[in-house]
Amino acid sequence: MIIGDRVYVDSPTDDIMDARFNRFVNTVTSNADGSLGYQLEGDKPRAQSSNKVCVGAKLTNVQLLDARKPGINKAALLGGAFNEVIINSEKNGTRPMVVADSVHSDANGSDRMGLPVVILGNMEMRYGGVVSRQPDGRPINMLRMTSLDYTAAGLARLNPQVAMVSPK
């Protein structure tokens, strides 16, 4: 539904002159009803073909939101100080793209709910990030993204085509 490059700064010597920005493809998928989705991560930027792709997170209750339009979908307001992050982000054109719950596997292999996540995107500037909400309502910035877009499948969900019936 969405795709971008996960960005982080690597400075192995802690010297700013040695710092470099690493970019790796990051995408979010979901089945039609949002009951199952995945955050997939590759080992190269999205403009290149990754040699390895892995599941970064399993998701459920996945909702695709339209960050191209002004306003905040209430689904992204998860309570507490987290809401301030979402509201303040909208002021600069950064809006929720995806809201979901993370799912983790226990040692015995059964699933348990993790933290909720909101993927924010500024569609004009093509950047964003993944923010989660701790149980006490405080936000956690999980990662930043550049080259951020909706995929063709994501756009199709946001802009469903009306089925045309030809006259007989």
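## Helix α1 and its buried face

Helix α1, spanning residues 82–90, has F82, N83, I86 and S89 as its buried residues; buried denotes under 20% relative accessible area, exposed over 50%, and partly exposed in between (1.4 Å probe, protein chains only). Viewed down the axis of α1, these buried residues fall within an arc of 135 degrees, so they line one face of the helix. The arc is taken over the directions from the helix axis to the C-beta atoms. An α-helix has 3.6 residues a turn, so residues three or four places apart point the same way. The buried residues of α1 pack against β5, β6, β7 and β8, where a contact requires heavy atoms within 4.5 Å.

The model is predicted: local features need pLDDT of at least 70 and side-chain atom pairs count only at pLDDT 80 or more, whereas totals for chains, interfaces and linings use all residues. Residues are numbered from 1 along each chain as its sequence is written, and side-chain values use heavy atoms, with hydrogens and water left out.

## Chain architecture

The chain contains two helices and eight strands, arranged along the sequence as β-β-β-β-α-β-β-β-β-α. Helices (H or I, at least four residues) and strands (E, at least two) are DSSP runs, numbered from the N terminus. Of the 168 residues, 40% count as buried. Among contacts between residues at least 6 apart in sequence, 48% join residues at least 24 apart.

## The largest pocket

The largest pocket holds about 210 Å³ of space. The elements that each give two or more residues to its lining are β3 (37–42), β4 (53–64), β5 (95–105), β6 (111–122), β7 (127–133) and β8 (139–150). The largest share, four residues, comes from β5. In total 16 residues line the pocket, of which Q39, A57, V117, V130 and M142 lie nearest its centre. By class, the lining has eleven nonpolar, four polar and one charged residues; Ala, Val, Leu, Ile, Met, Phe, Trp, Tyr, Cys and Pro count as nonpolar, Asp, Glu, Lys and Arg as charged, and the others, Gly among them, as polar.

On a 1 Å grid over the protein atoms alone, a pocket is an open set of points where a 1.4 Å probe fits, with protein on both sides within 12 Å along at least five of seven lines; lining residues have an atom within 4 Å of a point. Grid points are joined across faces, edges and corners, and the volume is the space filled by probe spheres set on the points.

## L40 in strand β3

L40 belongs to strand β3 and is partly exposed, with a relative accessible area of 23%. Leaving aside residues up to four places away in sequence, L40 touches V25, N26, T27, T29, V53, C54, V55 and G56. The C-alpha atoms of L40 and T29, eleven residues apart along the chain, are separated by 7.9 Å.

## Salt bridges

The structure holds seven salt bridges, each being a side-chain nitrogen of Lys or Arg within 4 Å of a carboxyl oxygen of Asp or Glu. K69 pairs with D66 at 3.8 Å, N to O; K69 is exposed at 52% relative accessibility, whereas D66 is buried at 18%. E90 bridges to R95, with the closest N and O atoms 3.0 Å apart, and R95 is buried at 13%.

D136 and R138 form a salt bridge at 2.7 Å, N to O. D136 is partly exposed at 49%, as is R138 at 44%. Salt bridges that share partners join R46, R126 and D149 into one network.
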